[in-house]
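I am opening a notebook on a protein that is new to me, and I want to go through its fold step by step before writing down any summary.

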Amino acid sequence: MTAKNPQTTLLAPVTTAAEVLALSEAGADAFYCGALLPNWVDDYGDSDLANRRQGRFANVKSADELVAIAAAASAVGGAAYLALNAKYTRPQEAAVLDLATNWERWGGGGVVTGDIGVALAIGRSLPGLQLTFSLTTPLRNSMAADLAARLGATRLALPRCTTRDDVQA
């Protein structure tokens with residue numbers, strides 16, 4: 001996955017569609033959000049188990065708002081990503097895959113995940129979604145990056161301390 005001409009994308013967090021335009025005007029190329037929908041809260045509570053975003057305040061709370069965020073991102077020429085970057089239990093996996101399936105249906109462009117199993121399942125069943133590995137995934141060398149590519153990842157989120165030499169090694 002070492003790129004000859006690396007392209008940097010500014011990925012900005014959003015919780016409402018209204019934030020997309022302002023962040024786009026400020027230079028964001030793409031947008032990400034977490035979702036804490038009522039069915040997840042009913043089954044698992046309102047902690048950050050759905051993703052690594054912090055509880056109700058940093059997450060989208062309705063399917064309608066997720067649809068609006070995906071549409072707003074598309075309208076400004078960007079893409080919207082759904083954060084699915086927690087580590088999930090087996091019972092949660094089906095709910096996560098259902099959410100990813102709906103996200104694609106609602107116009108979402110991709111997902112950000114830190115769970116290798118979720119990445120594998122999404123890569124196999126939802127090839128239309130761009131797959132990004134989050135900072136929570138221990139991808140620290142070219143062999144790990146190659147594995148991510150084989151799992152279907154189209155981009156990696158790397159720690160700020162990562163140098164160009166690290167990526168090319």
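The entries below follow the order in which I looked things up.

**Entry 1, overall layout.** I note at the outset that this is a predicted model. I looked up the secondary structure and found seven helices and seven strands, and reading from the N terminus on, I wrote the order of the elements as β-α-β-α-β-α-β-α-β-α-β-α-β-α. The protein has 169 residues, of which 38% are buried. I also looked up its accessible surface, which comes to about 9,200 Å², with 54% of that belonging to carbon and sulfur atoms. Among contacts with a separation of 6 or more, 56% are between residues 24 or more positions apart.

**Entry 2, strand 2 and its partners.** Is strand 2 buried or exposed? I found that five of its six residues, in the run 30–35, are buried, so strand 2 is largely enclosed by the rest of the structure. I then asked which strands pair with strand 2, and I took them one at a time.

Strand 1, residues 11–13, runs parallel to strand 2 and is joined to it by three bridges, and here I found A30 of strand 2 as the bridge partner of L11. I followed the chain from strand 1 through helix 1, residues 18–25, to strand 2, and noted that this β-α-β crossover is right-handed.

Strand 4, residues 79–84, is also parallel to strand 2, with four bridges between them, and C33 has L82 of strand 4 as its bridge partner. Strand 3, residues 59–60, pairs with strand 2 over two bridges, again in the parallel sense, and I marked A35 as standing opposite V60 there.

Between strand 4 and strand 5 the chain passes through helix 4, residues 90–105, in a β-α-β crossover that is right-handed.

Which way do the residues of strand 5 point? I saw that G110 and V112 point one way while V111 and T113 point the other, and that all of them are buried. For background I wrote down that side chains in a regular strand alternate between the two faces of the sheet.

Strand 6, residues 130–133, is joined to strand 5 by four bridges and runs parallel to strand 5, and T113 stands opposite F133. The chain takes helix 5, residues 116–125, on its way from strand 5 to strand 6, and this crossover is right-handed.

I looked up the largest nonpolar core and counted 40 residues in it, with L66, L82, L84 and W103 having the most contacts inside it. Elements that each supply at least two residues of this core include strand 2, strand 4, helix 4 and strand 6, while the largest share, five residues, comes from helix 3. As general background, nonpolar side chains in soluble globular proteins tend to be buried together.

What does W103 touch, leaving out residues up to four places away in sequence? My list has C33, L66, A70, A80, Y81, L82, G108, G109, G110, V111 and L129.

How values were computed. Residues are numbered from 1 along each chain as its sequence is written. This is a predicted model: local features need pLDDT of at least 70, side-chain atom pairs count only at pLDDT 80 or more; totals for chains, interfaces and linings use all residues. Side-chain values use heavy atoms; hydrogens and water are left out. Buried means under 20% relative accessible area, exposed over 50%, partly exposed in between (1.4 Å probe, protein chains only). Two strands pair if DSSP finds at least two bridges between them. A crossover is right-handed if, with the strands pointing away from the viewer, the path from the first strand over the helix to the second runs clockwise. A nonpolar core is a set of buried Ala, Val, Leu, Ile, Met, Phe, Trp, Tyr and Cys residues joined through side-chain atoms within 4.5 Å. Contact means heavy atoms within 4.5 Å. Accessible areas come from the Shrake-Rupley method with a 1.4 Å probe; for residues, only the protein chains shown count as cover.
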